[in-house]
Amino acid sequence: MAKITLKDGRVFEADDNKRLVLALLDNRVDILHRCGGHARCTTCRVVFLEGEPDKMTAAELERLQARDLFGKYRLSCQILCENDMRIDVINTVSNSDLDDPGERPADAITPDPVWIAKPDVLVQD
Ligand code: FES
């Protein structure tokens, strides 16, 4: 089991290798997932305060870079609960004008994950 701690202090346990977005949903955490967990919308983004995984899917990297979000956020639909984490959820139904978080993502990561090492973030002077 992985211990998931939210910035607001809520703590819960998640089964190993469960998609992070599903662990959040199943613990009644308000989080958007507008594309249904396909690494397209980026609304499932989270900020890692501790325990950021060193690996990521190629789809996550491609989408974060395309939206100029790499180094700032991670996509919870592309992350497995493999270790303890402390995170901040960014996009919620209650802080948006939406009334629907999106279709529930499948149990397995979609698209089929191609795992890569998370590149270093270049810090510019
Ligand atoms: S990118 Fe759309 S739910 Fe994760």
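In what order do the elements of the protein run from the N terminus on? I read off β-β-α-β-β-α-β-β-β, with helices (H or I, at least four residues) and strands (E, at least two) taken as DSSP runs and numbered from the N terminus.

**Ground rules**

I am working on a predicted model, where local features need pLDDT of at least 70, side-chain atom pairs count only at pLDDT 80 or more, and totals for chains, interfaces and linings use all residues. Residues are numbered from 1 along each chain as its sequence is written.

**Overall look**

I get 2 helices and 7 strands for the protein. The radius of gyration is 14 Å, close to the 14 Å that the globule rule gives for 125 residues, so I put the protein down as being as compact as a globular protein of that length. For the record, that radius is taken over C-alpha atoms, and the rule is 2.2 Å times the number of residues to the power 0.38. Along the principal axes, the C-alpha atoms fill a box of roughly 40 × 30 × 30 Å.

Next I looked up contacts, meaning pairs whose C-beta atoms, placed from the backbone, lie within 7 Å. Taking contacts between residues at least 6 apart in sequence, 73% join residues at least 24 apart.

I also noted burial: 30% of the 125 residues are buried. The cut-offs are 20 or more other C-beta atoms within 10 Å for buried, 12 or fewer for exposed, and partly exposed in between, with C-beta atoms placed from the backbone.

**The sheet**

Which order do the strands of the open sheet have? I traced 5 strands as β2-β1-β6-β3-β5, with mixed pairing. The edge strands are β2 and β5 (74-75), each pairing on one side only. Pairing here asks for at least two DSSP bridges between two strands.

- β1 (residues 2-6) and β2 (residues 11-14) are antiparallel over 4 bridges, and Lys3 has Glu13 of β2 as its bridge partner.
- The hairpin of β1 and β2 has 4 residues between the strands, and Gly9 there takes a positive phi near 100°.
- β1 and β6 are parallel over 3 bridges, with Thr5 partnered by Arg86 in β6.
- β3 (residues 45-50) runs antiparallel to β6, joined by 4 bridges.
- β3 and β5 are antiparallel over 2 bridges, and Val46 stands opposite Arg74 in β5.

**The core**

I turned to the largest nonpolar core, which has 22 residues. Such a core is a set of buried Ala, Val, Leu, Ile, Met, Phe, Trp, Tyr and Cys residues joined through C-beta atoms within 7 Å. Leu20, Val21 and Ala23 have the most contacts inside it. The elements giving two or more residues to this core are α1 (20-25), α2 (58-66) and β6 (85-89). Of these, α1 gives the most, with 5 residues. In soluble globular proteins, nonpolar side chains tend to be buried together.

What does Ala23 touch, not counting residues up to four places away in sequence? I listed Ile4, Ala14, Lys18 and Cys81.

Most residues other than glycine have a negative phi, and most peptide bonds are trans. I looked for exceptions.

Ala39 is not a glycine, yet has a positive phi of about 60°. Ala39 is in the loop between α1 and β3 and counts as buried because it has 22 C-beta neighbours inside 10 Å.

Asp68 also has a positive phi, about 55°, and belongs to the loop between α2 and β5. Is Asp68 buried or exposed? I have Asp68 as exposed, with 8 other C-beta atoms within 10 Å.

The peptide bond from Thr110 to Pro111 is cis, with omega near -10°. Pro111 is in the loop between β6 and β7 (115-117).

**Last entry: Ala106**

Ala106 also lies in the loop between β6 and β7. I count Ala106 as partly exposed, since 13 C-beta neighbours are inside 10 Å. How many residues apart along the chain are Ala106 and Gly37? They are 69 residues apart, and 7.3 Å separates their C-alpha atoms.

Methods:
Two residues are in contact if their C-beta atoms, placed from the backbone, lie within 7 Å.
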